[in-house]
Amino acid sequence: MYLEKSFFKWNERRSYWHEPEGIDKPLYISFAESPFKNEEDLELVVIRVYNPAINNVEIRTTKGLLKNIKIQPKRIGKATGFGLVRTGDEAIFEAEFISYNVQGEVLYSVK
């Protein structure tokens, strides 16, 4: 989100909504280092979801279940959502991301 400071307050200039231009998969994963102070050793994983049927995503490593993320919708009526994970476990780079619908059926998986 881009903000601009006026004399009295901060005004939103551009929202954080992400349009999935060129992305044809229901689940997209991106990695970054945590931007927070004293968390330089943590990894930040952003899970973008482009299928409204996806309700949650499990992150599984060779050690087992690392996280179970409930997907938060970004816009009502739109097929986008997101999840955010911070972890110090480097096994996240080799993890499998498995998406489920409300009934618990596997919809999509990506490694």
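Predicted model: local features only at pLDDT ≥ 70, side-chain atom pairs only at ≥ 80, totals over all residues.
Reader: Is S99 buried or exposed?
Author: Buried: its relative accessible area is 0%. The cut-off for buried is under 20%, so S99 qualifies.

Reader: OK, switching to the largest nonpolar core. Which residues touch the most other members?
Author: That core has 14 residues, and the ones touching the most other members are L27, V45, I47, V57, I59 and F97.

Reader: Which elements give two or more residues to this core?
Author: Those are β3 (27–33), β4 (43–49) and β5 (56–61). β4 gives the most, with three residues.

Reader: What does I59 touch, not counting residues up to four places away in sequence?
Author: I59 touches I47, G64, L65, L66, K67, I69, V85, I92, A95, E96 and F97.

Reader: Zooming out, how many helices and strands does the protein chain have?
Author: Zero helices and 10 strands.

Reader: How much of the protein chain is made up of buried residues?
Author: Buried residues are 32% of the 111 in the chain.

Reader: Last one: what does the accessible surface come to?
Author: About 7900 Å² for the protein chain, with 50% of that belonging to carbon and sulfur atoms.

Methods. Residues numbered from 1 in each chain as written. Heavy atoms only, no water. Buried < 20%, exposed > 50% of the residue type's maximum accessible area, 1.4 Å probe, protein only. Core = buried A, V, L, I, M, F, W, Y, C linked by side-chain atoms within 4.5 Å. Helix = DSSP H or I, 4+ residues; strand = E, 2+ residues; numbered from the N terminus. Contact = heavy atoms within 4.5 Å. Areas by Shrake-Rupley, 256 points an atom, 1.4 Å probe, with all protein chains shown as cover.
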